[in-house]
Structures are given as structure tokens and as C-alpha cells.
Amino acid sequence: MITLLTILFAYQKYTSREKEPFPDVKFISSTSTFTNVSDFDPNILNKEQWQKLGFSEKQTATILKYKDILGGKFTSKEQLKKCYAISEKKFNELASFILLPEIVEVGKSKEYNKIGKKELTIARKFNPDQFSANDWLKMGFSERQAEAIIKYKNYLGGSFISKEKFKECFIISPENYNKLQSYLLLPEKAPENFRNFAKNSTVKTKVQYHTFDPNLLDLEGWKALGFSEKQSITIVNYRDRNLRGSFKSIEDLQKCFVISSEKFQEMKPYIKLQEKQQEKTDFSKTDLNTITFKQLIEFGLDERSAGSIIGFRKKLGGFMNKQQILSTYNIDQNLVQKLISIAPLNTSDVPKYSLVDAPEDWLKNHPYFKYSADKIIFYRISNPDDKKIWKLLKLKVEYEERMRLYVK
């Protein structure tokens with residue numbers, strides 16, 4: 001017994017030497033969405049680098065905009081944490097990698113604010129009407145501010161008119177205006193008729209009238225006549241939607257509310273409406289399965305009747321007999337009866353299937369088959385024969401007759 005126990009003990013000790021120790025298991029937190037983050041300075045990260053840290057495109061844009069508002073630099077972790085695009089959870093994940101002090105020192109904060117805030121550089125007196133966006137940039141305004149100043153000048157008709165109007169530019173703060181005021185080569189106040197002056201100067205310098213057909217002008221064409229983009233869009237929509245594609249007379253154009261009476265009188269000598277002679281449809285040769293909405297209107301149907309016929313035909317995939325057209329809802333029965341007595345019906349292009357081969361989508365969407373679609377799909381699995389499926393369906397005679405119109 002002692003000998004046997006000694007052998008077993010020796011065997012166990014020998015075999016345990018060959019076993020490798022089981023490695024420690026490390027669980028990775030699901031909150032870590034990135035694995036290769038190293039220490040970084042948030043002030044030098046570009047758009048792509050912020051996105052690699054797990055931020056969306058919108059969040060990245062917000063962070064970069066926030067940095068610009070601060071003067072182009074984050075001075076502490078505390079400051080970065082205030083950016084609303086960075087959640088508290090996300091900030092805690094990144095905090096240990098951020099190469100910024102926890103809280104900015106008071107002295108450095110003041111020094112930074114002085115650097116971040118741009119001062120205006122005004123060398124001499126100037127006429128702001130002659131300044132380009134680049135000139136405003138050189139003076140100390142940001143790119144966006146420069147663009148806004150130019151847009152405001154254009155809104156006034158290409159001139160600031162006076163110091164009074166220049167001061168109303170929302171992008172120029174009262175502090176900056178006080179610095180600029182004594183350098184501006186403009187009258188103190190605007191003349192009473194400055195708005196008319198702006199309009200007239202725009203027309204005289206920019207608009208060169210020529211003979212035109214208002215039915216052929218697109219958005220750019222109306223803008224070339226001196227209208228703003230919004231006014232041009234309104235005119236085009238008025239023509240295409242309200243008047244169904246064309247001005248029938250000069251009076252139609254005059255009725256458009258964005259065209260002032262003064263402007264209309266200026267344009268009137270140049271307006272040439274070309275009379276379009278529309279070819280009349282020969283309904284005796286127009287297939288009822290291809291007749292268009294406009295042709296139905298031309299025949300005399302109202303929009304409701306025409307829309308119902310086109311919509312029902314689309315659902316069916318085409319009419320198989322003229323009686324189907326008369327069964328359409330919301331139509332003028334007398335007028336439609338007159339139409340089908342004149343127009344032919346070609347059914348050669350109407351899709352037909354056997355019950356066994358019909359696509360499921362077609363069965364479920366076709367007005368005549370959709371209520372029996374599930375049964376047909378079920379029965380044809382074990383009975384792939386049209387005759388047997390018809391028997392199993394046990395339909396009313398009238399239902400089966402109209403379904404058979406679309407079956408091979």
C-alpha cells in the first residue's frame with residue numbers, strides 16, 4: 001500500500017511539471033471604444049484626429065468651433081470639459097491622456113485672453129464701400145465677419161450710405177464702431193430716399209434689359225433681370241404651379257406679388273410672349289392604357305377624375321377591358337363613357353401570371369388578388385397546379401372572373 005501511494009505521488013509530481021500556468025484573464029471594459037490612445041494635445045488635433053477618438057462629425061465640428069470661440073486654444077482640462085459636445089463619461093475616458101493643466105492659472109488666463117482677442121488695425125481714413133473682404137480681414141475682422149459686412153453692404157444696394165447705416169451692421173460691435181467712426185469717409189446720416197437710391201442704382205448699373213419670354217426664363221434668368229434669389233424662386237413657382245407652366249398673358253406676370261408696378265413697367269417693353277399652338281390629341285388613336293394625366297384633362301375630366309383613373313390603372317398594371325375604367329371611383333361617369341367609346345384599349349403589355357408562378361409582391365399588391373394572396377401562396381406549396389388552387393380558393397363567381405383577367 002505504501003509502495004503504491006509512493007508511485008502515485010511521484011507520477012503526479014512528474015506530470016505537473018509539464019503543465020504551463022493558466023494565463024490571467026483580463027476583462028476589457030465595454031466603455032472603451034478606442035485602444036490605441038496615447039497622450040495628446042487637444043489644441044493640435046484636426047477634424048480626422050478628433051473623429052478617431054470616437055467623436056461624430058457634428059461633435060467634432062462643435063469642439064473645433066468652441067476652440068475658435070476661445071481664441072484658438074484650450075488652456076486647461078477644465079475648459080475643455082465645458083464643451084457640451086464632450087459628455088462627462090467621454091471626458092473621463094480621455095482625461096488621463098490630455099496634455100493640459102487641470103485648471104489654468106489666473107495670470108496665464110488673463111495673458112491668453114489678451115492674445116486671443118484681436119485688435120483692429122486702422123491706418124488711415126477710408127471709404128468702407130471700397131473695401132473688399134480681404135481688406136476687412138487685414139483690419140482684424142474674422143473671415144465670417146468680413147463676409148457678413150460685405151453681404152450687408154450688398155443688401156443696402158452696394159453702399160453703406162452713411163455712418164448711421166454702417167453702425168446698424170449687426171456684426172460690428174459698439175466697441176469696434178467707436179474705434180472706426182472717426183475714420184469713416186461717410187456722411188453722418190442717410191438721406192430719406194436711400195432705399196430708392198439703392199434700388200435705382202442696382203437697376204441702372206447691373207440690369208441690362210433685352211427682349212425675353214417669361215415662360216422660358218429659369219431662376220438665373222430672373223436674377224439677371226435684377227430680382228433676388230427669393231423673388232426669382234417665387235416667380236418661377238407662381239408660373240409653374242399656380243399657372244400650370246406658363247404665363248398666358250402679360251397681365252398674368254403683372255399679378256405676381258413680388259413684381260412691383262415700377263419694375264413691371266420697366267420690363268414691359270421687352271416682354272415677348274410666344275404663343276404656343278398645342279397639338280390637339282387624337283383620342284381615337286390614344287390607347288387607354290397609355291393615356292396621360294394631361295390628356296385626360298384635355299378631354300375635359302377634372303383633376304380628381306383623371307388622377308383616379310391613372311392611379312387605378314397603375315395598381316392593376318393596366319386595364320383588361322373598358323368596363324374596369326367605368327368602375328373607377330370618383331369619376332365623371334358620362335364623360336368617361338364618352339372617352340371609352342372613342343379611345344382604343346391595347347392589353348398586350350399588361351402583365352399576366354399563372355397562380356403558381358405569380359410573384360408574391362404582385363399577388364399582395366394587386367387589387368383583385370391581395371385578399372386571396374396568402375391562401376394562393378399557401379396552397380401552391382403542396383398543390384402546384386392552377387386548377388387545384390382555383391378549387392381550393394372557393395371564390396365567388398364575380399371575384400374569380402375578374403382575377404382570371406390577369407391569369408395566363
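**Entry 1**

I looked up E175 to begin with. E175 is partly exposed, at a relative accessible area of 44%. My cut-offs: buried is under 20% relative accessible area, exposed is over 50%, and partly exposed falls in between, with a 1.4 Å probe and protein chains only. This is a predicted model, where local features need pLDDT of at least 70 and side-chain atom pairs pLDDT 80 or more, while totals for chains, interfaces and linings use all residues. Residues are numbered from 1 along each chain as its sequence is written, and side-chain values use heavy atoms, with hydrogens and water left out.

The side chain of E175 meets that of K179 in a salt bridge, 3.8 Å from N to O. For a salt bridge I require a side-chain nitrogen of Lys or Arg within 4 Å of a carboxyl oxygen of Asp or Glu. K179 is partly exposed, at 30% relative accessibility. Both residues lie in helix α10 (residues 174-180), four residues apart, about one turn of the helix. I take helices (H or I, at least four residues) and strands (E, at least two) as DSSP runs, numbered from the N terminus. An α-helix has 3.6 residues a turn, so residues three or four places apart point the same way.

**Entry 2: other salt bridges**

How many salt bridges does the structure hold? I get nine. One of them joins E57 and K47, at 3.4 Å from N to O. E57 lies in helix α3 (residues 57-69) and K47 in helix α2 (residues 47-52), so this bridge ties together parts 10 residues apart in sequence. E57 is exposed at 53%. K47 is partly exposed at 36%.

I also checked D282 and K285. Their side chains meet in a salt bridge of 4.0 Å, N to O. D282 comes out partly exposed at 38%, and K285 exposed at 69%.

**Entry 3: aromatic pairs**

I paired rings of Phe, Tyr and Trp (its six-membered ring) when their centres lie within 6.5 Å; planes under 30 degrees apart are stacked, over 60 edge-to-face, the rest tilted. That rule gives 21 aromatic pairs. In W222 and F227 the ring centres are 6.0 Å apart and the planes stand at 70°, so I log the pair as edge-to-face. W222 and F227 are both buried.

The rings of F283 and F299 have centres 4.9 Å apart and planes at 75°, so this pair is edge-to-face too. It links distant parts of the chain, 16 residues apart: F283 sits in the loop between α15 (261-267) and α16, F299 in helix α16. F283 is buried at 11%, and F299 is buried at 16%.

I also found one aromatic cluster made of F126, F131, W136, F141, Y152, F160, F166 and Y177.

**Entry 4: charges over rings**

I count a charge over a ring if NZ of Lys or CZ of Arg is within 6 Å of the ring centre and within 35 degrees of the ring normal. The charged end of K263 sits over the ring of F227, 5.1 Å from its centre. K90 lies over the face of F55, at 5.3 Å from the ring centre.

**Entry 5: α19 and the cores**

Which residues of α19 (residues 333-342) are buried? I list L335, V336, L339 and I340. They cover an arc of only 130° around the axis, taken from the directions from the helix axis to the C-beta atoms, which puts them on the same side of α19. The face turned away from that side carries the exposed N334 and S341. The cover over the buried residues includes α16 (293-299), α17 (303-316) and α18 (322-326). Contact here means heavy atoms within 4.5 Å.

I then looked for nonpolar cores, meaning sets of buried Ala, Val, Leu, Ile, Met, Phe, Trp, Tyr and Cys residues joined through side-chain atoms within 4.5 Å. The largest has 37 residues, and those with the most contacts inside it are I309, V336, L339, L363, F369 and Y406. Two or more residues come from each of α16, α17, α18, α19, α20 (360-365), α21 (373-382) and α22 (386-393). Neighbours within four places aside, L339 is in contact with F283, L288, I291, L296 and F299. Apart from this core lies another, of 20 residues, among them M139, Y152, F160 and I172.

**Entry 6: I150**

I150 is in helix α8 (residues 143-155). Leaving out residues up to four places away in sequence, I150 touches F131, S132, A133 and W136. I150 and S132 are 18 residues apart along the chain, with 7.4 Å between their C-alpha atoms.
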